[in-house]
Protein chains: 2
Amino acid sequence: MNALPESSLLTEKFAKLGVESAPGQEGRQQVDSIDLRGDRIVGTPVDFSHGDVDAHPPIPGSLELFQRGYEVGGSQAYTEYRGQAAIREQLAAKLAEFTGAPIDSDSEMILTPGTQGALFLAMGANIGRGDKVAIVEPDYFANRKLVEFFEGELVPVGMDYFGTDSGSGIDLLKLGECFRYGVKLFVFSNPNNPTGVVYSPDEILAIAELAETHGVRVIVDQLYSRQIFDGVRYTHLRGLDKLNSDNLLTIIGPSKTESLSGFRLGAAFGSSQMIDRMEKLQAIVSLRAAGYCQTVLANWFSEPTGWIQARIAAHQAIRDDIHEAFLRANGFKLRLGEGGSYLFPQMPEMDISIGDFVKVLRLQAEVIVTPGTQFGPQFTNSFRINFSQDHTAAVQAIQRTIEIANRYRV
Amino acid sequence: MNALPESSLLTEKFAKLGVESAPGQEGRQQVDSIDLRGDRIVGTPVDFSHGDVDAHPPIPGSLELFQRGYEVGGSQAYTEYRGQAAIREQLAAKLAEFTGAPIDSDSEMILTPGTQGALFLAMGANIGRGDKVAIVEPDYFANRKLVEFFEGELVPVGMDYFGTDSGSGIDLLKLGECFRYGVKLFVFSNPNNPTGVVYSPDEILAIAELAETHGVRVIVDQLYSRQIFDGVRYTHLRGLDKLNSDNLLTIIGPSKTESLSGFRLGAAFGSSQMIDRMEKLQAIVSLRAAGYCQTVLANWFSEPTGWIQARIAAHQAIRDDIHEAFLRANGFKLRLGEGGSYLFPQMPEMDISIGDFVKVLRLQAEVIVTPGTQFGPQFTNSFRINFSQDHTAAVQAIQRTIEIANRYRV
């Protein structure tokens, strides 16, 4: 017989967890009854939903490190849930230097299956049913979904990224107000996903002071914090030492700039209370980051001389050319990204929904982008691109994107 | 300042999620004020909390497959959340043959970060707050923890594994009764973890009929179902075709018999509704099983001729010697395991708690076992061993275990 009816709460929870428009899932989209105008435009397919690790390969020596881990055998296959101790020790020293504050590798760090894994465990460790959680709009789409999954109450805080040339434009008045009225946790990414803007030193200081004043816990997702472009100053929240260290967790991983996504590795560090809970959760979620993969972390923050600088320069050059293409196209708006590989262009007024535009673009121009509505319901005419692609192919794909968009302008 | 007080619900949730006595976490145990009697007994250290992949190495060619996945590059790093399509297709065909019922690889299968990952996603996809979930006692400890984490109501069903020589001894009357009174989900492992008993064909048929009659969903964890010993008949629940296929999910993985735990791979197959939800959850939990690792699945169920038979035979021989050692030791009880690598010996009456015994054993004899209370609160004088170890070292470690136990008998 059919299963017993389930609680409407569970049905609703999963209704909110749609993945059809999520990056990487485009192959599962329904494409019936889309209004296609004009011919297909031929060109090298580009999937802007994530970076191209063939165009920007992993840190040299990563495969060899994996082999070494495999050869270590059992002790590397079955590490502590929080990750192998010596690997944590080595990495903690490097991350302490990078972020400007010490890390106890035994109690203040956990290795996770990707940065996504770290974010899931961190949110699960902090959000009780009904807890108010402040998030930025726009920000990484999983932040919203995680708050909803753990039954927290979403408190959105705006970011006027077109209203400023330096800093994110986060609404600090609103942030202070919601901290005063019971927000327990604040989660944000810096550089921001999807816009690529970097929070100014003043903004980070203000966040630290507000959180400290009101006893709010903070999770900062610094996934892209190594890829900062010329002339931009990056501030590590934990380096300021303004916030009770029990209340702050920093997340980072080698999946993006370093192209190690295929190994699923991430790290979280800071509050030992949060790390303890995250490990308890990890024990029932997936046990640990794949043991042999953990070994690959040895090269992270220890790349060959000049490697990371060359990677940043290559991305800055792609960013500049894409920025110029959008500036030349009439009606588009684009804030120049200051770090990371995301841009969040805003289109002119269209007579097609952003969801349908994304599908048309894939069918007519073999270009995949992520609809803005994944990052906040109000971003109905923006889309996100990850420009960590082959340089020439990316610029050509942006030209095709503009051409297709022009077919649907009001 | 200190963080705002959190809801007591969250505090309670994590209090229940202790990992100190969990397998693999022994290095984090507190060992103050333990009553140590007699001298240390020297011998090769054995960690019975999990299998030794150095003694029983991974499927030949696994590392080479990983390398091949790495060389494929971007498309293997960023698979669909449910796993790379061609790998799923190949595996679905093999698992359909193994379990005796077809699998649509597109809609009815997901690859996960380990079997633990599959179990977490499956429970999360099915348990709403307050839902009654039946589990077996004893059974895999994470089953209990997952029900509690998702705020379901635990309904334990006993298993009289000492009361029968064939089958598990599950209390089918109790199972039927709780199905009648509102249980929505039943989760069990077969072969059973921790006892190694295999459910008889009649028991599996009865479970299928009861679940079908009452519309109860079933998750069956078949992690060890390839390692079945001589003379034992294994029944695949899905192969019976008695249960609405929307209501049944089967879980399996190559971490145990095949020693691939270091790659963190698992698979769930069956109900497409459950698989859809599991993928939605995977998208916020860890995105996917590590992309390059997925490639390693190509050799699973395609091992060299005779490889799996030899592995089973090696484990049966270790089981037999350990069984004999316990039989010779006065006062121990042990049901002979019929599949998998676990045994669950019951000790004579002791004047030390099982938790302290486990710590003493580690300190005095360098033997690690998992306390029975992890598998149900009533198993206060049992412990679990994973006998997938070096044969000689394992048998010697069991002798030391018996000797240490004798020092604490009433």
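Me: Why is A:Ser259 called buried?
Reply: Buried stands for a relative accessible area under 20%, exposed for over 50%, and partly exposed for anything in between (1.4 Å probe, protein chains only). A:Ser259 has a relative accessible area of 2%, so it counts as buried. The residue sits in the loop between β7 (248-252) and β8 (266-270) of chain A, and its phi is near 60°, a positive value in a residue other than glycine.

Me: What should I keep in mind about the model and its numbering?
Reply: This is a predicted model, in which local features need pLDDT of at least 70 and side-chain atom pairs count only at pLDDT 80 or more, while totals for chains, interfaces and linings use all residues. Residues are numbered from 1 along each chain as its sequence is written, chains are lettered from A and ligands numbered from 1 in the order in which they are written, and side-chain values use heavy atoms, with hydrogens and water left out.

Me: Why is B:Arg264 called buried?
Reply: B:Arg264 has a relative accessible area of 5%, so the word buried applies. This arginine lies in the loop between β7 (248-252) and β8 (266-270) of chain B, with a positive phi near 50°.

Me: How many helices and strands does chain A have?
Reply: Chain A has 14 helices and 12 strands. Those are DSSP runs numbered from the N terminus: H or I of at least four residues for helices, E of at least two for strands.

Me: Why is chain A called as compact as a globular protein of that length?
Reply: The globule rule is 2.2 Å times the number of residues to the power 0.38, and the radius of gyration is taken over C-alpha atoms. For 410 residues the rule gives 22 Å, and the radius of chain A is 21 Å, close to that value, so the chain is as compact as a globular protein of that length. Of its 410 residues, 65% count as buried.

Me: What makes helix α6 of chain B largely enclosed?
Reply: In α6 (residues 141-149), 8 of the 9 residues are buried, so the helix is largely enclosed by the rest of the structure. Among the buried ones are B:Arg144, B:Lys145 and B:Phe149. After the helix comes B:Glu151, with a positive phi near 65°.

Me: How do you know that B:Phe383 is buried?
Reply: Its relative accessible area is 0%, so B:Phe383 is buried. The residue belongs to strand β12 (residues 383-386) of chain B. Leaving aside neighbours within four places in sequence, B:Phe383 has contacts (heavy atoms within 4.5 Å) that include B:Phe326, B:Met347 and B:Thr401.

Me: Which residues touch the most other members of the largest nonpolar core?
Reply: A nonpolar core is a set of buried Ala, Val, Leu, Ile, Met, Phe, Trp, Tyr and Cys residues joined through side-chain atoms within 4.5 Å. The largest has 138 residues, and A:Phe263, A:Ile322, A:Phe357, B:Phe263, B:Ile322 and B:Phe357 touch the most other members. Apart from it lies another core of 124 residues, among them A:Leu10 and B:Val133. In soluble globular proteins, nonpolar side chains tend to be buried together.

Me: Where is A:Pro138, and what kind of peptide bond joins A:Glu137 to it?
Reply: A:Pro138 is in the loop between β3 (132-137) and α6 (141-149) of chain A. The bond is cis, with omega about 5°.
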